[in-house]
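Here is a friendly briefing to read alongside the model. Take a moment to look over the sequence and the fold, and then we will go through the main points together.

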Number of protein chains: 2
Amino acid sequence: MIQPWPVLRSQTLTNYRIFRVRQDFKVSPRTGTEHDFYVTDCPDWVNVIATTPEGHLVMVEQFRHGTNSIDMEIPGGVMDPHETDPVAAGLRELREETGFTGERARVLSRTRPNPAFMSNTCHTILVENCRHTHEVELDLAEDVRTYVKPWEEVACLLNNGAIPHSLVTLALHEYQAFRRRTGAGC
Amino acid sequence: MIQPWPVLRSQTLTNYRIFRVRQDFKVSPRTGTEHDFYVTDCPDWVNVIATTPEGHLVMVEQFRHGTNSIDMEIPGGVMDPHETDPVAAGLRELREETGFTGERARVLSRTRPNPAFMSNTCHTILVENCRHTHEVELDLAEDVRTYVKPWEEVACLLNNGAIPHSLVTLALHEYQAFRRRTGAGC
């Protein structure tokens, strides 16, 4: 049986604003040898599947600084330090990035972005009956363009590998599975 | 239209073995203001969908140091510095972690783990007709238990949210879509 690794000691090394790097020293339960592991601690993230009364999806296009590319995604972002409810965080990100608000907001799924070296969770929030009701609130370092796309068009992007971000692709696959379960079609 | 952000200057800050942290200074094309962005540079990663002649999947259970949890996943890992072919890297990881080798290895899909602040790509490799032919080769810091599971059991784990790792969950969704396209069933 696979056993957990006891932690001998741990130290936070550096704070890079969007994540902190920690070094954990542990003992292998299999070999008894000591090893160190770097872990990045990020706040939890939220991604938002926002559907309109017509069943279309709210999508965002933005420049991404990790890959230096302009990508099609769904709204989302980082939970604020004071936020404890991922549903509220998803509604905030949706409103700030796109000006859309909606109803029946709830958690569709949860995932761990990378259990190998990241400690956080990403929550996918489903919001229905979304309408454009507010001005967008972008900070100086953001530039977001909003689209409302029929599901068939989003599914086509998904099937053609045209959604680069793994967590967005995963959220859309999970929404597609939800549509199949609830009889809304593929 | 969304525009790319010109890079003013860039510096590598720290090497944490499994990733390096870089700081890029850029100018917003919308506001003209200067901002800095932290980026983690990792080698590319590979995940492996390994199927047996019976259509079962090779799965691995291991302790994960980011989340301190024992997780069910598919084989995979980090491409070595000298490796340029993700298919060869996937076959190597499959053999080292599980002792399985197979045929018709090819790229099933590619994704960007996190375009917001990570520069690398994760490749999902499909390998068919897999058989246990080699001894496993674990290093001192690894402890991996191999399972061969019918697809229906894996699909059940997938639908129940019992596969924590986002990139593994995504790979399994993409394999499920491949099965639907090729008539192998859901």
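How many residues does the contact take from chain A and from chain B? The answer is 62 residues from chain A and 62 residues from chain B. Please keep in mind that this is a predicted model.

**How the two chains are related**

**What the interface is made of**
- Between them, chain A and chain B bury about 5,700 Å², and 62% of this is on carbon and sulfur atoms.
- On the chain A side, the residues that lose the most area to chain B are A:I2, A:Y16 and A:H65, which together make up 13% of what that side buries.
- There are four salt bridges between chain A and chain B.
- A:D143 and B:R30 form a salt bridge, with their closest N and O atoms 3.9 Å apart.
- Polar contacts between chain A and chain B come to 31 residue pairs, counting those with both residues at pLDDT 80 or more.
- Elements giving two or more residues to the side of chain A that touches chain B include strand 1 (7–15), strand 2 (20–27), strand 10 (144–149) and helix 3 of chain A.
- Helix 3 of chain A gives the most to that side, with seven residues.

**A closer look at helix 3 of chain A**
- This helix covers residues 166–181, and its 16 residues reach 22 Å from first C-alpha to last, close to the 22 Å expected at 1.5 Å a residue.
- Since 14 of the 16 residues of helix 3 of chain A are buried, it is largely enclosed by the rest of the structure.
- Just after helix 3 of chain A comes A:G183, with a positive phi of about 75 degrees.

**The surroundings of A:H123**
- A:H123 lies in strand 9 (residues 122–132) of chain A.
- Its relative accessibility is 6%, so A:H123 counts as buried.
- The side chains of A:H123 and A:D44 are joined by a polar contact of 2.9 Å.
- Leaving aside neighbours within four places in sequence, A:H123 is in contact with residues including A:W45, A:M79, A:P86 and A:R110.

Methods
Residues are numbered from 1 along each chain as its sequence is written. Chains are lettered from A and ligands numbered from 1 in the order in which they are written. This is a predicted model: local features need pLDDT of at least 70, side-chain atom pairs count only at pLDDT 80 or more; totals for chains, interfaces and linings use all residues. Side-chain values use heavy atoms; hydrogens and water are left out. Helices (H or I, at least four residues) and strands (E, at least two) are DSSP runs, numbered from the N terminus. The expected span of a helix is 1.5 Å times one less than its number of residues. Buried means under 20% relative accessible area, exposed over 50%, partly exposed in between (1.4 Å probe, protein chains only). Contact means heavy atoms within 4.5 Å. Buried area is the accessible area (1.4 Å probe) that two parts lose on being put together, summed over both. A salt bridge is a side-chain nitrogen of Lys or Arg within 4 Å of a carboxyl oxygen of Asp or Glu. A polar contact is a pair of N or O atoms within 3.5 Å; within protein, one must be able to donate a hydrogen and the other to accept it, and residues adjacent in sequence count only if both atoms are side-chain atoms.
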